[in-house]
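Take a brisk walk through this model.

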Amino acid sequence: MLPSVRTLIAPSILAADFARLGEQVNTVAPYVDLLHVDVMDGHFVPNLSLGLPVIESLRKVTDLKFDCHLMMHNAHRYFPEMRAAGGNLVSVHLEVYPDPRPIAEAARAEGLEFGIAFNPPTDFSAVEPFLELCDMIVVMSVHPGFGGQSFIDDSLRKMEIARKSIESQGLSTDIEVDGGIGAANIRRARDAGANVFVAGSSVFGKEDPVEAVQELRRAIESRETA
């Protein structure tokens, strides 16, 4: 466990009922720490998802921090619009931007926090040289593009290595784990070094999303790993 590192729950609206999106976000808002917003272009990943109008609409109903995961090519072109719509943090993929330094600079110029996401086949060693650029790194524990996938256990090793590297460098970079997180494995991810947990179907896919969030928090605090 990492007692000195803040633990944050980030429900993913990809799993929400879009006919009741504002209502569902407001229901969980008092119990979560930020909102995970997936933006997909149908090219980098084989799926399309919400865009700027949805982010702008959600900003009108909540003051939660928006953690925008940009699974897309040319994500940097949309930074000004992303900020104007209400985004707070943008994560781009290392697979798209193998040298993310100018992209990080562009994000900060718009007043955005910056993160790097990396897919299951990508080793943490590719991300490590850029840790100082990042407010957050996003360890993908599923292949990106669709919700409801099973957790990839090898991602735990990446979290462990990332946590050691961050601490050895004296950085405060958050480690977010994205994909397949639920009450059965969230403590394992926490023990491996993650401190921000994206939860989609394990929150919005449940009959009582608030109880689902509370169950995740209880699982994190449990002395027994699942």
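Helices (H or I, at least four residues) and strands (E, at least two) are DSSP runs, numbered from the N terminus. Leu 156 sits in helix α5, residues 155–168. The model is predicted: local features need pLDDT of at least 70, side-chain atom pairs count only at pLDDT 80 or more, and totals for chains, interfaces and linings use all residues. Residues are numbered from 1 along each chain as its sequence is written, and side-chain values use heavy atoms, with hydrogens and water left out.

Leu 156 has a relative accessible area of 11%. Leu 156 touches Phe 151, Arg 188, Ala 189 and Ala 192, not counting residues up to four places away in sequence. Contact here means heavy atoms within 4.5 Å.

Now turn to strand β3, residues 65–71, which holds Asp 67. Asp 67 is buried yet has no salt bridge (a side-chain nitrogen of Lys or Arg within 4 Å of a carboxyl oxygen of Asp or Glu). The nearest side chain of opposite charge, Lys 65, is 7.6 Å away; Lys and Arg count as positive and Asp and Glu as negative, while His and the chain ends are not counted. Among the residues that Asp 67 touches are Leu 34, Met 136 and Glu 176.

Last, the cysteines. The structure holds 0 disulfides (pairs of cysteine sulfur atoms within 2.5 Å). Cys 68 is buried at 0% relative accessible area, and Cys 134 is buried at 7%.

Methods
Buried means under 20% relative accessible area, exposed over 50%, partly exposed in between (1.4 Å probe, protein chains only).
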